[in-house]
Amino acid sequence: MLSSDDKLVLIAGDNWCPVNCGETDKHKGFMIDVATEALAISGYEVRYIEMPWLRAIHQAREGIVHAIVGAFKDDAPDFYFPKVPILKLSPNTLFTLSDSTWTYKNQHSLNKIRLGAVQGYDYGNLLNAYLKSHRSSPNNYITLLSGDNVVSRSLNLLISKRIDAYVDAGPVVWYQAKQLGISEKIKSVGSVSPPEPAYIAFSPRLQSSEKLTLALDLGVLRLQLDGRLAEIANKYGLQEIHYK
C-alpha cells in the first residue's frame, strides 16, 4: 500500500479523452492537467496511469493508486470525493448513425434497439437499472465492453451496425469520433439525464485521501479564480457549461 507521506500522487483511469487521454500522450486530458496544476500548489506531483476502468477502481480501492479520474459518485460511492467538481457531463448521451430514425423518448424506447455501453461505468440510476435488467436478455439487446480503448471500439461497433446506439458522455464521443474520422456518420439523439458532476475520487483505504481531497479542492478554486481553469478547458475544446 502507498505511503501517506509521499508527494507523488498516482491517478488512474481508462482513456476517456478529452477528460483524461492516453498515458503517453503529450496532452493527457483536461482533468489530469487540472489535477496536476491544482495539486502542485500544495507541493504534490501527479503521475497518470492509464488502465481499464474496473481495474482502476479496484486498484484505488486497494490503495495501490491514490485516485481514479472521471468518476461519478455512483462509480465508487465509498471513495473520497472533492466538494468542488472539476467537470459536469451527462454520462448517458445516446448516439446513433446519422441516417437512423430512432430517438430516445423514454426507457421503453430502448427496448427497440441494440444498445452499446461500457461495463462498470455509472450511467445514472435509470439507465443503470435498465442495463442491469437487460444485459442477460436472450435477444442480445445490450453489448457491454470492457478493457482498453472501449470508446473507439464501441463506436466501431456502431459504424459496423453491430449495435444501433451507443451511450457515453457527449464530449468524449465527439472527440473520439473526430479522431476516427467518423463525426459525419454519427449523431446525438438525446440524453437520459442532465449533466452531473464528474470527479477525481480518492481511495477509501489510504490515510492521505482526505488531505489530498482538500488539496485538490483548494487548488481547483485557485485555478478558477485566476482564469487558468478556463484556459485548460479551452485547450481541450470544452465549453463553459461543462466545467462550471
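Is Lys235 buried, partly exposed or exposed? Lys235 counts as partly exposed because its relative accessibility is 45%, where partly exposed lies between buried (under 20% relative accessible area) and exposed (over 50%), using a 1.4 Å probe and protein chains only.

## About the model

This is a predicted model, in which local features need pLDDT of at least 70 and side-chain atom pairs count only at pLDDT 80 or more, while totals for chains, interfaces and linings use all residues. Residues are numbered from 1 along each chain as its sequence is written, and side-chain values use heavy atoms, with hydrogens and water left out.

## Salt bridges across the chain

Side chains of opposite charge can pair when their charged atoms come close. A salt bridge here is a side-chain nitrogen of Lys or Arg within 4 Å of a carboxyl oxygen of Asp or Glu, and the count comes to 6. One of them joins Lys235 to Asp33, with 2.7 Å from N to O. This pair links distant parts of the chain, 202 residues apart: Lys235 sits in helix 7 (residues 228-235) and Asp33 in helix 1 (residues 30-40). Helices (H or I, at least four residues) and strands (E, at least two) are DSSP runs, numbered from the N terminus. Asp33 counts as buried, at 15% relative accessibility.

Arg205 and Glu62 form another salt bridge, their closest N and O atoms being 2.9 Å apart. These partners are 143 residues apart, and both lie in loops: Arg205 between strand 10 (196-202) and helix 6 (209-225), Glu62 between helix 2 (53-61) and strand 3 (67-71). Arg205 is partly exposed at 45%, and Glu62 is partly exposed at 32%.

Let's turn to a pair within one helix. Arg228 and Glu231 meet through their side chains in a salt bridge of 3.0 Å, N to O. They are 3 residues apart in helix 7, so about one helical turn separates them. Salt bridges that share partners join Glu37, Arg228 and Glu231 into one network.

Five strands form an open sheet in the order 2-1-3-10-4, with mixed pairing; two strands pair if DSSP finds at least two bridges between them. Strand 2 (45-50) and strand 4 (87-89) are the edge strands, each pairing on one side only.

Strand 1 (residues 8-13) pairs with strand 3 in the parallel sense over 2 bridges, and Ala12 has Ile68 in strand 3 as its bridge partner. Helix 6 packs on the sheet and touches strand 1 and strand 10, contact meaning heavy atoms within 4.5 Å.

Methods: Axes fitted to C-alpha atoms, helices over the stretch in contact; angles between N-to-C directions.
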